[in-house]
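Hi there,

Here is the structure I promised to send over. Please have a look when you get a moment.

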Amino acid sequence: MKKAFLLIAAALLCAAALAQPARDAIEANRELAGGIYYVDDFSYRPQAPAPKGYKPVYISHYGRHGARYFDSNAEFTALHNLLEDAAAKDNLTPLGKDLYEQYAKAWPLIRMRAGDLTDVGWNQHRGIADRMVKSFPKLFKGKKVRVEASSTIATRCIMSMAAFCERLQEFNPSMEINTISSAACMGVLNPFTAYNPQIQPTDEGYANKYAAWWPALRAYSAKEVDPKPFAARIFRDPSRMLEGETASKCLRYVYHIAATRQCGGFEGDFWKYLTLDEAYAKFREFNLKMYLSKGPDTLVQGGRQWAFVNYFMEQLVNDTDADLASGDISARLRFGHDITIISALKLLDVEGWNVSARSFDEVADIWQHYRIPMGANLQFIFYRNGKGDVLVRAMLNERDLRFPIASDTAPYYRWEDFRAFAMERIDYAKHILATTKAPSKRKK
Amino acid sequence: MKRILFIIAFLVSVQPLLADGAYDEIRADVNKAGGVLYVDDFSNRDLTPAPKGYQPFYISAYIRHGSRFLIHEEDYAIIKKALSKGHKAGILTPKGEDFRRRFEAFLPTVENRAGDLAPRGQRQHKALAAMIYNDYKPVFKGKDVFVDAHSTHVGRAIMSMNAFFSGLKACNKSIQSHQNASMANLDWINPHMAEAEINRPFDQTLRHNDGPWYPEFRKFCEGKLHTQAFLESLFNGPAPVKDAIRFERSVFEVASNMQDMETEESFWDLFDPDEIAALWECENLRFFMLKGRYPLNYTRNWKISWPILDNFLTKADEDLASGKVNARLRFGHDGCMMTLLCLMGAKGWCEEHPDFNTVKETWHSWNIPMAANLVLAFYRNKKGGDILVKFTLNGKNLTLPLEAVEGPYYRWDDFRSYYRDVTEDARAFIESCGPDGRPYILSGRVSCDGKPLEGVKVSDGVNIVKTDADGRYAMFSDKRQGFVFVIQPSGYVPLSADGIKPEFYARLNSDVTAPEVHDFRLRAENQDTYTMLMTTDAHLTNADFKPDQQAFREIARPNILLQAEKAREKGPVYSVELGDLAHELYWKQFDYNLRDAYRTFTEGYPTLLYCVSGNHDNDGGVRTANTDRDAEWLFREVIGPEYYAMEIGGDHWIMLDDVIYRNSKTKKKLNPGIVGDRSYDKGLTQGEMAWLIKYLEPLADDSRIKLCLHVPILAEEKETGTYFRKSQADSLQSLFARFGKVEVFCGHVHKTLFTEDERYPVFEQHALPALSGNMWTLSPVVTMGEDGGLGAVYVGTFSGGESSFELHSHEQGQKWLRIYDMNTVRSYFSKSAELKALREKNHEIPDYTDPKYANCIWVNYWYWHPGDIVEILENGRALKVEKITEMDPLFDVNYNLNGHHKNIPGRRIYSAKARTRTGKVLVRIRNREGEIVYEEALKRPKAFSPVMQ
């Protein structure tokens, strides 16, 4: 794992020099081809120390749920039926038979569990909580510690919150931890749902059928992803596949199983059914989809796709003001999804997340969704000195982020400066929403 | 089981004075009226000590989530809307205005919180964990404790589980645990949810308002509640609510839920204490109906919880063997706890209540309050011996149908083996149901000579199923039509004890949910060519003013026997009778009803006989909430199902009831035994139409369809062209269109009528003349009908899709028309003083003596088919033929001389004026293809007499 990170770091530094940084990374570590399914070990690493005299006083957090099963029971069953049918018709190659046997072991363990948090995911959140209390022990020790946590209504988010808070409670049994999961939290925690009053029906979700980028993505897939060689490796006669299924669908199903194997819940190596090129092609397709959905795309859209996250960010700023003023809360934790983090990184103009690609082909080189892996999280740590000055430092997956804000002590920024910058960006996002139209109701 | 129920019933019956027990409990603690919304602190636990030397070492539990917000935003919306409207209109009482103010203040606290676990619920679970920890300390103490927990995927269950563990770990921080939340757990934590794999569409029907329970529930509410008084306490004048009971129950629901919220506010003061108890009783009944032994859920609702019980047993075996799990927890919901307890035969949860008013004596919804918990605790003795179990609900001992060892302690082996059987029985039942979850109520076997027949259709008048390779059929049925019948397939006929009544149906008993088995035996018959004798409107009445009994026996029956004998040469012969076998007006008056008529009609009948019901086959002495069905009682008793079908020789014969009997109130003087005007609508009921659509659905477009019904569909004299409502006629046209052509055989009109209508091109309608002519009232030609035609038997011969028909009058052979030499008619009428006097009484009756009729030839061609052309030639030269509306003179004589003075215009009378008095006349009929189908030479003068041919 460490090797992968060194490579990624190198790739980022020499982005201009390397032709295909993502491909190389994936070649060295196939699991990265899983994109947002990537399970990072979030290895603890030393953090830049706070400036002298400053002590941590408050944490504001947004964490994606931990590792989960792939989120479609229908796909689990479709792959099962497809392979059963092929086996019955004696239409599988030896490699296909191997896939059939491996999947037959996996299927009973994963069926009906689409979207659930796995044990791997539970332990990820225990780990993040563990590192949080160990990094900022004084914030969580004592008799008057209070933590507020909220989660979306997704089962995996609630369970992530439970795992996280359980570890916190172990650290200090007298800690008061208040948790809530409710539709009342949804607008803020997932500002791409109808609970956000700014949103229109055709803006909703991650892959709304009205989204403007579908035709472009389909054209890209048609050009870049060729499922035929894969199908020929698995089926003796791909044309005899179960009716309604295609080579393209089969590749998609197997890619999803391969990508989520690292998330736990079942065993086996499913990457072996895809060549490196196929894995990379599927990665690029998926990566492009996420980039278009919530990333800094300017080729097809005008920013409306990420701008809704302002609703979350403004609430975070308001919460921060209130919590800093009262001093009652040690940490405010929020449990949600990747899309909120991805869009927030663009909203806050974060280095490494704010550059737009000049072509679809370029996207994978400058933006990779495996950097928002399972359990990805934003942590804003607030520090105060004796004079009452407040600094903030933001981390993505426990590594410091840089912002275009003037500071002698970067990655520590004055809270007033950071706040002003964030509000400016929030206004900018609102302006985008006011000057762009929701996608038309015609299905793309 | 039976013995236990008897004991329980006995116990219930000796406690009549405690019938108010539930109401007393509510008076003592109004929050109990909240039922499943009740907040119980569980301080009233039995905590019966274990037998000496025994300690708990493992627990398996099912725990409901804690206090929650209401599940449906709609409850708040209904109240808000009504109060807001009332306020705007200024019709709220002071109490209503006060409620509105308090309600509006409360609303923001529940916005977007529907279904959430409430903060109180989290606290409850933390406290419950500590309570269970202390009650079963030996299980949870120490360093090596592992607790395995699963919840459904529903947020409040997951959050309850999380809160429980935070409470448990506060008691012993070394406890290891594994928490899992998933939809995959549903089958064995909450099988009632639609997402559970075991759950079927029928299970959803059983718990929603489209289920069979709902009408009875509403009726109970209407009887119990004082909704009007409640509305009047809040509104001056008519309350602005769509559904008053729903509104009151919504307010009650909100009031019940206040105890789960963080507020001190209470809305109990809106209700009278007695009304609170009544509202609880209704909601309690609802839970009983959905979760207990209420017959109309077919036992499926509680047997579906078998996987929960199975999980308890199977996992206990696993955990006891491995020793690795100290406690196994399931976090779920209220309904499944009730059905689990019902399945387990726990006292208070398994009783039947035919009288809804007694439900409250045993079933108390507040016993499944927030954070309700079922704990199966396992005990062992260091010195060895049996493992014992204790099963408690909220810490209170449950009485199970097992022999205990001591107090509430049972031998685990006994518990396990007893409930393994219970589980397997329930599972077998659930798995025996159809794919949509409905159990098979009707089943049986269709056979011929002992051999099974596959692919034969069997129906209950709602569903249609096919027999399998073993000749077996099985279907769900709510028995609403009261019959199960086989649709005889081509090449087979049902057995018949008397050779007349085909045994194609069985009557169902009135126990709607009880399964029944009915076999059908058929015999083979070659139907390559077969004949159908068709009669209608026999109108047998035994009246004293007409000779129907004698005329039927001496005139009509011999014709039927003759036709049957002739047709037998070609192949098998069957009969259909198209209704009005008797006449309800006279059932009581002449003590002769449909049963008597059927007996008379079928004396020595020569073939199998299939009947449909006519309007006069209904009982005019019946008017109920369901007149159409209830008035049919005698037809159903004597003859059988009102609608059904047969497949004969590759043809589909569909027998329908197209009379919707109303029998409305009337001020007119009524005959004895009659309570209404005997009115009826013409058409098919919704249920019958739905069955017809189902029957036709799988048929190929080239299927041959024949409809038999009493009232015709098409009516020439009506502007719409139909007797049926235009919309239904249009629907039938659309439904049948793809089959190209459908022959319709009907009666009712007492005339021979062949009708086609380009607006309804699929129907080729044959209206048959009445067997009885004009109901046997004419004289001397007793069987003459209103159109001047004669009572007859219609003989259809069918062979491989080809149909051919003959109309055989009783005494004059195949008679299509009658030719009149108007010269002799004129002479006859001018000589009759009687007929002259008749004309004086009614000037509309034609004056047949009028000179204009001299030399005219009239042809009454009742057998006219669409497109037929009547030619009248004199000495070989074609005369100009015109259609006239004068009444048939022979009919005039046979009808009006018997006390009537009516002018019945002729329908198919053609006239031509001959040039001579005696020249040879030829009447010729050509069909629409131009072929000559009939020729008759007329030698004039042709005599006119009352009995002429």
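Below are my notes on the chain contact, a helix pair and some strands.

First, a caution: this is a predicted model.

Let me start where the two chains meet. Chain B brings 20 residues to the contact and chain A brings 17 residues. On the side of chain B that touches chain A, helix H7 (155–171) and strand S3 (176–181) of chain B are the elements that give two or more residues. H7(B) gives the most, with eight residues. Sorted by class, that side of chain B has seven nonpolar, seven polar and six charged residues.

H7(B) also packs against helix H5 (residues 119–135) of chain B, at an angle of about 45° and with the axes 7 Å apart. That angle is why H5(B) counts as oblique to H7(B). The crossing of H5(B) with H7(B) is right-handed. Residues of H5(B) in this contact include B:His125, B:Leu128 and B:Tyr133, while those of H7(B) include B:Met159, B:Phe164 and B:Cys171. The contact of these two helices has ten nonpolar, six polar and two charged residues.

Now to chain A. Strand S2 (residues 146–151) and strand S3 (residues 176–181) of chain A run parallel and are joined by six bridges. There, A:Val147 is opposite A:Ile177 of S3(A). Together with helix H7 (residues 155–171) of chain A, S2(A) and S3(A) form a right-handed β-α-β unit. S2(A) also pairs with strand S4 (residues 331–336) of chain A, in the parallel sense and over five bridges. A:Ala149 has A:Leu333 in S4(A) as its bridge partner.

Best wishes

How values were computed. Residues are numbered from 1 along each chain as its sequence is written. Chains are lettered from A and ligands numbered from 1 in the order in which they are written. This is a predicted model: local features need pLDDT of at least 70, side-chain atom pairs count only at pLDDT 80 or more; totals for chains, interfaces and linings use all residues. Two residues are in contact if their C-beta atoms, placed from the backbone, lie within 7 Å. Helices (H or I, at least four residues) and strands (E, at least two) are DSSP runs, numbered from the N terminus. Ala, Val, Leu, Ile, Met, Phe, Trp, Tyr, Cys and Pro count as nonpolar, Asp, Glu, Lys and Arg as charged, and the others, Gly among them, as polar. Axes are lines fitted to C-alpha atoms, for helices over the stretch in contact, and angles run from 0 to 180 degrees between N-to-C directions. Angles under 35 degrees count as roughly parallel, over 145 as roughly antiparallel, 65 to 115 as roughly perpendicular and the rest as oblique. A crossing is left-handed if the near helix is turned anticlockwise from the far one by less than a right angle, and right-handed if clockwise. Two strands pair if DSSP finds at least two bridges between them. A crossover is right-handed if, with the strands pointing away from the viewer, the path from the first strand over the helix to the second runs clockwise.
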